[in-house]
Amino acid sequence: MPDSFDIPVATENDPRHPNDADAPRGKNKSKRRAAIATQPEERIQRSLFGEILDWMLAPLLLLWPMSIAITYLIAQSIANQPFDRALEDSVTVLAQQVTEVNGKTVVHLPVPARDLLRADDIDNIYYQVTGPRGEFIEGDRDLPAPPPDEDKPPVGTVQFRNDIVHGSDVRIAYLQVDLKPPPEPRSMRPQQQRLATVQVGETREKRAHLANEIIKGVILPQFIILPIALGLVWFALSRGLSPLSELQQRIRARRPDDLSPIDSGQVPEEISPLVRSLNDMLARLSQTIALQKRFIADAAHQMKTPLAGMRMQSELALRQTDQSDIHRSLEQLSKSSESATRLINQLLSLARAENQTSATAPFAPVELSELARTVVQDWVPMSFTQRIDLGFEQPGHPIMISGNAIMLREMLNNLLDNALHYTPPQGSVTVRASTDELAGLAFLEVEDTGPGIALAEREHVFERFYRVLGTHTAGSGLGLAIVREIALQHGASVDISNNPRSLDPKAPGSLFRVTLKLAARQYFIEDIG
């Protein structure tokens with residue numbers, strides 16, 4: 001399957017594409033609206049400073065009117081208390097002047113006291129005295145009678161209420177006075193109460209004036225304090241976010257090739273996780289760039305030899321006149337191009353193995369013995385050409401591992417390529433798959449009857465472009481490096497030892513063993529199902 005493919009799109013010049021003249025206008029408009037609707041919406045960049053400022057000022061601006069309302073209620077309560085006490089004193093004094101003479105309710109109110117009740121420049125003061133039957137005795141007739149209370153308070157207890165007189169709000173204090181004289185000591189007969197009602201009221205202008213003065217004294221300073229508080233919040237946020245600006249300036253001042261870690265000791269504790277994440281990203285980026293640089297340098301270095309040989313052979317072929325010499329030069333040119341092609345393919349395989357991640361190619365259940373069998377089949381023609389006995393051994397049950405099948409094939413291909421190149425004719429190469437169920441391990445082995453690898457060289461053969469001295473077989477030295485990278489990606493290990501089945505002491509052979517972890521039991525069940 002190709003990696004990508006092109007989808008044919010009709011254009012205006014294509015006969016499959018209706019132009020505006022042929023297509024109905026409604027359809028064209030709907031198509032244009034659909035095209036606009038499917039375009040990705042541009043995300044609005046949010047300001048951290050503005051967002052913090054909003055979260056701080058929004059509650060403050062919401063609480064401020066509530067504070068004013070609560071202050072107004074408290075101011076009214078504070079303003080009512082002294083005036084209610086004055087009303088209570090007035091109605092108590094007036095009640096003391098109410099008596100009953102010859103069965104008639106009488107108010108002995110001196111003229112100065114009457115003038116005092118009337119003398120008020122701001123509020124209008126009203127008073128009223130009514131008899132036991134509700135008859136008017138003295139005062140202001142327009143003052144409404146108190147409401148009938150189901151639970152009547154005790155006689156002599158001052159009560160307060162709000163009412164309206166002449167269209168004005170009035171605060172009224174009232175009480176009931178017992179006009180009955182105290183009973184004689186010898187008289188045991190209960191006497192019926194004769195209650196007179198005394199009321200004193202005043203309009204609420206003075207109360208409102210005092211409440212407004214209290215509110216002015218409290219609210220007006222807030223109008224001065226609030227802008228100062230806003231300025232302090234603005235300044236505090238600017239100072240608090242200044243480390244971010246300093247960090248931004250330090251990052252911008254860096255050279256493009258400077259990928260060194262950022263000093264996290266110069267930032268506040270809250271920004272340290274962000275700086276550590278940036279340092280981790282810089283470390284990964286530096287590693288990736290180093291791999292790319294090494295890949296480019298290795299590729300350029302290794303490509304010089306085959307390209308120089310190809311150029312030399314082509315120039316030699318151009319100077320030759322004998323057909324046999326030209327044919328011989330072209331054969332060498334073909335071998336050089338084949339070597340260059342193989343080198344490029346191995347370089348690409350190595351780069352792919354080094355950049356492989358679980359995010360780009362997630363692991364999946366792989367049946368190891370079946371994968372090895374198909375790879376071995378691909379190398380059978382080459383083994384016939386080189387007269388090498390290529391064999392495959394597998395257990396009688398599936399071997400399930402978790403990995404990337406493509407990369408595992410690449411790993412086994414390089415192991416087989418290495419074994420077939422170093423095994424002489426009439427030799428043998430065997431691929432073997434096995435398991436250790438108790439340890440939960442799977443083994444993939446490739447053994448050959450070649451010259452073997454000395455113990456001192458076994459750690460170096462996995463390095464890039466490393467060739468054992470005295471080796472006359474053509475190669476780039478990348479195959480085992482690819483094997484190691486793919487094994488590391490799968491959490492596997494690669495061990496080298498002598499072939500235990502080799503009988504020739506001069507050709508001890510090699511045994512490459514790749515140790516992988518068996519997959520979880522559910523993978524095996526899914527594969528069988």
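1. Strand S6 (residues 168-178) pairs with strand S7 (residues 195-203) through 9 bridges, in the antiparallel sense. Strands here are DSSP runs of E, at least two residues long, and helices are runs of H or I of at least four, numbered from the N terminus; two strands pair if DSSP finds at least two bridges between them. Within this pairing, leucine 175 stands opposite valine 198 in S7.

2. The model is predicted: local features need pLDDT of at least 70 and side-chain atom pairs count only at pLDDT 80 or more, while totals for chains, interfaces and linings use all residues. Residues are numbered from 1 along each chain as its sequence is written, and side-chain values use heavy atoms, with hydrogens and water left out.

3. S6 is also joined to strand S5 (residues 159-165), by 7 bridges, and these two strands run antiparallel. Aspartate 163 stands opposite valine 170 in S6. S5 and S6 form a hairpin with 2 residues between them, and histidine 166 in the turn has a positive phi of about 55°.

4. Helix H9 (residues 405-422) packs against helix H10 (residues 479-489) at an angle of about 150°, their axes being 9 Å apart. Axes are lines fitted to C-alpha atoms over the stretch in contact, and angles run from 0 to 180 degrees between N-to-C directions. The two helices are therefore roughly antiparallel (over 145 degrees).

5. In the contact between the helices (heavy atoms within 4.5 Å), H9 contributes residues including Met407, Leu408 and Met411, which meet residues of H10, among them Leu480, Ile482 and Val483. The contact residues divide into 9 nonpolar, 3 polar and 1 charged (Ala, Val, Leu, Ile, Met, Phe, Trp, Tyr, Cys and Pro count as nonpolar, Asp, Glu, Lys and Arg as charged, and the others, Gly among them, as polar).

Technical notes. Angles under 35 degrees count as roughly parallel, over 145 as roughly antiparallel, 65 to 115 as roughly perpendicular and the rest as oblique.
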